[in-house]
Amino acid sequence: MEKKMFCFQCQETARGTGCTMAGVCGKTAETAVMQDLLVYVTKGLSAVTTALRKGGAEIGRDVNHLVTFNLFTTITNANFDCEIIADRVEKTLSVKEDLLGMLKDRSGLPAAALWNGKREEFASKAVSGDVGVMSTENEDIRSLRELVTYGLKGLSAYSKHANALLKDNEDVDAFIQRALAMTLDDSLTADDLVALTLETGKYGVEGMALLDAANTEAYGNPEITTVDIGVRSNPGILVSGHDLKDLEQLLEQTEGKGIDIYTHSEMLPAHYYPAFKKYPHFAGNYGNAWWKQKEEFASFNGPVLMTTNCIVPPADSYKNRLWTTGAAGYPGCRHIEGGYGQVKDFSEIIRQAQECEPPEEIETGTIVGGFAHNQVSVLADKVVESVKAGDIDRFVVMAGCDGRMKSREYYTEFAEKLPQNTVILTAGCAKYRYNKLGLGDIGGIPRVLDAGQCNDSYSLALIALELKEAFGLDDINDLPIVFNIAWYEQKAVIVLLALLYLGVKNIHLGPTLPAFLSPGVAGVLTDNFGIAGIKTADEDIDLFFGENK
């Protein structure tokens, strides 16, 4: 059967090797290859900006934002709309041509920097041998290039959220563009690309720090918070994705309108920020991880705003109630425009909400979160005392993503079977596998400490570093911490690379290792960093805890 596309950037890729006819995520082959073209021209633009920077030129924020927004658009489950993606290709080519006019010496530029096709040529170019994953013949070079590219996609997501709060880091932007250009350089060896992979992790830490500072400056430090998971009697709007600025503007525009605002999936941690607690109509969290949205969006009854990735192709029962904004997009769904620093107009989605029935109740009760690095610092003395007294034996970092595969039941079983003197540190939607199990506490310290979104994984790194200092250790790997991380998409990739840069070893990654890791590259990660997969919950409990289980 002839391949129509090739994509292996997510954990659920077909047969664990790659999607070739259509994406498991729901994207068509046409959308997939158009996304490949957008990455290609973005790399070309980045080669030009990198050459200009070498000559002493300054690159404007609008160009930096274009690069990160483009990469975010191609993250798994973010944008399924071919026309929107083609528009971005067209804009990127236009900006690149303008910048090429500033470059006196074009020698040494890759083909992607020089190509400037018209819109009617996009489809044929997208399926040419020059574009896409398989344009790199050597398996290990291809694997390393994609590992870097997917890390950069994750880093771009962090940058985009910080940019929305009017925070930028020119060093991070310059690196993203330099690294993208380097993935086009055929003179680089595998060793060169391994070094670039670790450098990507270094800038991943900087990008996470930028977003953490942007969020806390705008909304305060997250604090321990009890979140309602039931419903109220008013009509509602459900906000999913990750963008806190979109949520803030929607809360402002719905004040006094008789509408309640609920979070879904990765937006749950918004409840932990002090700034959002002033809104009495900020009702609670509805539902679970992203992959359950078809049933949960149907029962919510009101409109749903997707602020970023994690879209599942919508059912007809609620497609007319699904709205997108930012980098997100889906054909046939209405999109709310608005750039950085602009106030978005949510009046249409508000009007629709006022005509809808209240959400159907699907569960009741509460969950507790808000254990980001500042809040854990407040508890640090108590935590250290509990460890020294033997009340807490081990921490298990179970951050990352959730997904549809039945194999992910492993994480629920693993959490249930953990020794009672074990505390889970989590961030991201992987927590929905165990954050409602009622695992209790240890001396008042909850056994599930939720630091927030996948975007807040920086908190987990800071917590580990702070514990290292508190115990007077020289090596972070001497801490009583196990890393058992679930992954799904590219933000998890940058988290992994950041942890490797920080020196963390023996990370277990599941439910499967990434398909984009060739055997050679997987061997390098195993030999140098101890990266490993998972087995059964019982086998891994034995591995991590042995006689102490």
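# A tour of the predicted model

Start by selecting Arg119 and Glu90, whose side chains meet in a salt bridge with N and O 3.0 Å apart; a salt bridge here is a side-chain nitrogen of Lys or Arg within 4 Å of a carboxyl oxygen of Asp or Glu. This pair links distant parts of the chain, since Arg119 sits in the loop between helix 4 (111-114) and helix 5 (122-126) while Glu90 belongs to helix 3 (residues 82-100), 29 residues apart; helices (H or I, at least four residues) and strands (E, at least two) are DSSP runs, numbered from the N terminus.

Before going on, note that this is a predicted model, in which local features need pLDDT of at least 70 and side-chain atom pairs count only at pLDDT 80 or more, whereas totals for chains, interfaces and linings use all residues. Residues are numbered from 1 along each chain as its sequence is written, and side-chain values use heavy atoms, with hydrogens and water left out.

Next select Glu217 and Lys167, which form a salt bridge with their closest N and O atoms 3.0 Å apart. Glu217 lies in helix 8 (residues 190-219) and Lys167 in the loop between helix 6 (139-164) and helix 7 (170-182), so the pair links parts of the chain 50 residues apart. Glu217 is exposed at 58% relative accessibility, while Lys167 is partly exposed at 27%.

Then move to Arg433 and Asp402, where the N to O distance of the salt bridge is 2.7 Å. Arg433 is in the loop between strand 10 and strand 11 (441-442), and Asp402 is in the loop between strand 9 and helix 14, 31 residues apart. Are these two residues buried or exposed? Both Arg433 and Asp402 are buried. Over the model, the count comes to 26 salt bridges.

Now switch to a cartoon view and find the open sheet whose six strands follow the order 4-3-2-5-6-7 with parallel pairing; two strands pair if DSSP finds at least two bridges between them. Strand 4 (282-285) and strand 7 (334-336) stand at the edges, and because each has a single partner strand, one side of each is left without a neighbour in the sheet. From one strand to the next the twist averages 30°, with axes being lines fitted to C-alpha atoms, for helices over the stretch in contact, and angles running from 0 to 180 degrees between N-to-C directions.

Zoom in on strand 5 (residues 304-306) and strand 6 (residues 322-325), which pair in the parallel sense over three bridges; Val304 has Leu322 of strand 6 as its bridge partner. Helix 10 (residues 293-300) lies across strand 2 (236-240), strand 3 (260-263), strand 5 and strand 6, at about 160° to strand 2, where contact means heavy atoms within 4.5 Å. Helix 11 (residues 347-354) lies across strand 2, strand 5, strand 6 and strand 7, and runs at about 130° to strand 2.

Select next the open sheet of five strands, in the order 13-10-9-14-15 and with parallel pairing. Its edges are strand 13 (448-450) and strand 15 (508-510), each with a single partner strand, so one side of each has no neighbour in the sheet. Strand 9 (residues 394-397) and strand 10 (residues 422-426) run parallel and are joined by four bridges, with Phe395 standing opposite Val423 in strand 10. Helix 14 (residues 409-417) packs on this sheet, touching strand 9, strand 10, strand 14 (481-486) and strand 15, and its direction makes about 155° with that of strand 14.

**The core and a last stop**

Phe395 is also among the residues that touch the most other members of the largest nonpolar core, which has 124 residues; such a core is a set of buried Ala, Val, Leu, Ile, Met, Phe, Trp, Tyr and Cys residues joined through side-chain atoms within 4.5 Å.

Finish at Cys310, which is buried at a relative accessible area of 10% and whose sulfur is 6.0 Å from the closest cysteine sulfur, in Cys429, too far for a bond. The count of disulfides is zero, a disulfide being a pair of cysteine sulfur atoms within 2.5 Å.

Methods: Buried means under 20% relative accessible area, exposed over 50%, partly exposed in between (1.4 Å probe, protein chains only).
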